[in-house]
Amino acid sequence: MGARELNATSELKPDGRAPVPLASEREEQRQITAISRMVCQAMAETFAGLRPVHQMQRWLDGEIYQKVSRRAALLARHRQRFSPGQHRNGPAQLVFRSIRTQQVSPSAWEVCVIFTDNQRTRACALRCEAHRARWRITALELG
């Protein structure tokens, strides 16, 4: 395996190094809640065509990033096809209804976010895992 292959493989597997090694559970929960809100906001803006998808890359695991990219491209084609001259003005206004966090291991959290955008109420389930002293989203489902 070459250095490039090793690097790509290590990016996909969490290493368990927490962003703040001595952070209390309460501080980690605060970080996870903030990251979850940012990711949901960015995802809603990306799907609405207000933000480029590449801005989400730093938060998402490679497979999740590809999934979000495909969906954003599909929605962009749909917008172009069915409303070519119409564009939304301003960012999607999100109202966060509920954010539930659960620490499932010392280096992993699962989160359920319920939010309302300009069109409907959605639920998003995320898994955040510590990797290279950062939190990364390694699983994501949007309903």
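Two strands pair if DSSP finds at least two bridges between them. By that rule E3 and E4 pair, in the antiparallel sense, over eight bridges. The model described here is predicted.

## The sheet

Four strands form an open sheet. Their order is E1-E2-E3-E4, and the pairing is antiparallel. E1 (95-105) and E4 stand at the edges. Each of these two has a single partner strand, so one side of each is left without a neighbour in the sheet. From one strand to the next, the twist averages 20 degrees.

| Strand pair | Bridges | Example of bridge partners |
|---|---|---|
| E1 and E2 | nine bridges | isoleucine 99 and valine 113 |
| E2 and E3 | nine bridges | valine 113 and cysteine 124 |
| E3 and E4 | eight bridges | cysteine 128 and isoleucine 137 |

How are the strands connected? A hairpin joins E2 to E3 through four residues. E3 and E4 also form a hairpin, with two residues between them. Arginine 132 sits in that turn and has a positive phi of about 50 degrees.

## Helices against the sheet and each other

H3 lies across E3 (121-131) and E4. The helix runs at about 45 degrees to E4.

H3 also meets H2 (residues 25-47). The two axes come within 9 Å and cross at roughly 35 degrees. On the H2 side, the contact uses Met43, Thr46 and Phe47. On the H3 side, it uses Val68, Arg71, Ala72, Leu75 and Arg79. What is the make-up of this contact between H2 and H3, in nonpolar, polar and charged residues? Five are nonpolar, one is polar and two are charged.

Serine 36 is found in helix H2. Is this residue buried or exposed? Serine 36 is buried, with a relative accessible area of 0%. Leaving aside neighbours within four places in sequence, serine 36 is in contact with Val111, Val113, Leu126 and Cys128.

## Cysteines

How many disulfides does the structure hold? A search of the whole structure finds zero. Take cysteine 40. The closest cysteine sulfur belongs to cysteine 124 and lies 4.0 Å away, too far for a bond. The cut-off for a disulfide is 2.5 Å between the sulfur atoms. Cysteine 124 is likewise in no disulfide, its nearest cysteine sulfur being that of cysteine 40.

Both cysteines are buried. Cysteine 40 has 0% relative accessibility, and cysteine 124 has 1%.

## Salt bridges

Side chains of opposite charge can pair when their charged atoms come close. The structure holds six salt bridges.

One of them joins arginine 51 and glutamate 45, at 2.8 Å from N to O. Are the two partners buried, exposed or in between? Arginine 51 counts as partly exposed, because its relative accessibility is 25%. Glutamate 45 is buried, with a relative accessible area of 11%.

A further salt bridge links glutamate 141 and lysine 67, with the closest N and O atoms 2.9 Å apart. This pair links distant parts of the chain, 74 residues apart. Glutamate 141 is in strand E4 (residues 134-142), and lysine 67 is in helix H3 (residues 62-82). Lysine 67 counts as partly exposed, at 34% relative accessibility. H3 and E4 are also the elements that run at about 45 degrees to each other.

Aspartate 117 and arginine 122 meet in a salt bridge as well, at 3.5 Å from N to O. Both of these residues are buried. Elsewhere, salt bridges that share partners join Glu110, Arg127 and Glu129 into one network.

Conventions. Residues are numbered from 1 along each chain as its sequence is written. This is a predicted model: local features need pLDDT of at least 70, side-chain atom pairs count only at pLDDT 80 or more; totals for chains, interfaces and linings use all residues. Side-chain values use heavy atoms; hydrogens and water are left out. Buried means under 20% relative accessible area, exposed over 50%, partly exposed in between (1.4 Å probe, protein chains only). A salt bridge is a side-chain nitrogen of Lys or Arg within 4 Å of a carboxyl oxygen of Asp or Glu. Axes are lines fitted to C-alpha atoms, for helices over the stretch in contact, and angles run from 0 to 180 degrees between N-to-C directions. Contact means heavy atoms within 4.5 Å. Ala, Val, Leu, Ile, Met, Phe, Trp, Tyr, Cys and Pro count as nonpolar, Asp, Glu, Lys and Arg as charged, and the others, Gly among them, as polar.
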